[in-house]
Amino acid sequence: MHIAEGFLPPAQAAAWTVVAAPFVVHGARAVVRQVREDPDSRLLLGAAGAFTFVLSAIKLPSVTGSSSHPTGTGLGAVLFKPPVMAFLGTVVLLFQALLLSHGGLTTLGANAFSMAVVGPWVGYAAYLLARRLGGGLSLGVFFAMVLADLATYCTTSLQLALAFPDEQSGIAGAAAKFLSIFAITQIPLAVAEGLLGVLVIRVLRTVATPELRRLGVLRRTDLAPSSTEPESRGADA
């Protein structure tokens, strides 16, 4: 990710577009519903899209025909749920393909499926699991960001393996090779992205507490008097 323009066989590029399309359409409807039901969330919604755009535009060379970079979709999935990020992530990828030559139009479906569909859903599942096991908001966001990033690259590795199976070991062998090469840059990037997500959510807890409460991101336990974070002290006051 991003898989370069024309890098996938046409049939596979078309197939990934067909697979991703229902998620994107559903996500567009989710965005419209979110704005209609909570107009005040538009600023935070735009910020989530901008955050994803900026992070995923940081491009490091990786496997031939691809690149390694943060994704930023985990935070948006926590704030607005994965369907919204399916649409926002695809819009981000479209603009990057047109303006920055990152990815491409023929590979947009494949890139959208890995970064805007699989990544947010895995990240959101990790967030929910961390929270249900008693972890705080910051810990949940950390795991959401890390696993959304890694899930994106696992999916991309599978997409490339399907397109270019190894002559000896087939798809499985090719996937293992792509994963091992991606891991060199992607694992440290994912951890760094998780730490950045923690910093961002702490800032949002200070400047956008009402919005986070309306979205259901901040819970009563996050605002308990025993909490040491800024907005909890403000709530006590």
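Student: Which residues in helix 5 meet helix 6, and which residues in helix 6 do they meet?

Tutor: This is a predicted model. The helix 5 side of the contact consists of Ala-110, Phe-113, Ser-114, Met-115, Val-118, Gly-119, Val-122, Gly-123, Ala-126, Tyr-127, Ala-130 and Arg-131. In helix 6 they meet Leu-137, Gly-140, Val-141, Phe-143, Ala-144, Leu-147, Ala-148, Ala-151, Thr-152, Thr-155, Thr-156 and Gln-159.

Student: At what angle do the axes of helix 5 and helix 6 cross?

Tutor: The crossing of helix 5 past helix 6 is right-handed. Their axes come within 7 Å, and the crossing angle is roughly 145 degrees.

Student: How many salt bridges does a search of the whole structure find, and which residues form them?

Tutor: Side chains of opposite charge can pair when their charged atoms come close. Lys-177 and Asp-166 pair at 2.5 Å, N to O, and Arg-214 pairs with Asp-38, with the closest N and O atoms 3.3 Å apart. The search total is two.

Student: Where do Arg-214 and Asp-38 lie, and how many residues apart are they?

Tutor: Arg-214 belongs to helix 8 (residues 209-214), while Asp-38 sits in the loop between helix 1 (10-37) and helix 2 (42-56). The pair therefore links distant parts of the chain, 176 residues apart.

Student: Is Asp-166 buried or exposed?

Tutor: Asp-166 is in the loop between helix 6 (137-163) and helix 7, and its partner Lys-177 is in helix 7 (residues 170-207). Lys-177 has a relative accessible area of 45%, so Lys-177 counts as partly exposed. The value for Asp-166 is 19%, and the cut-off for buried is under 20%, so Asp-166 is buried.

Student: What is the phi of Lys-81?

Tutor: Most residues other than glycine have a negative phi. Lys-81, in the loop between helix 3 (73-80) and helix 4 (82-100), has a positive value instead. Phi of Lys-81 is near 80 degrees.

Key
Residues numbered from 1 in each chain as written. Predicted model: local features only at pLDDT ≥ 70, side-chain atom pairs only at ≥ 80, totals over all residues. Heavy atoms only, no water. Salt bridge = Lys/Arg side-chain N within 4 Å of Asp/Glu carboxyl O. Helix = DSSP H or I, 4+ residues; strand = E, 2+ residues; numbered from the N terminus. Buried < 20%, exposed > 50% of the residue type's maximum accessible area, 1.4 Å probe, protein only. Axes fitted to C-alpha atoms, helices over the stretch in contact; angles between N-to-C directions. Left-handed = near helix turned anticlockwise from the far one by under 90°. Contact = heavy atoms within 4.5 Å.
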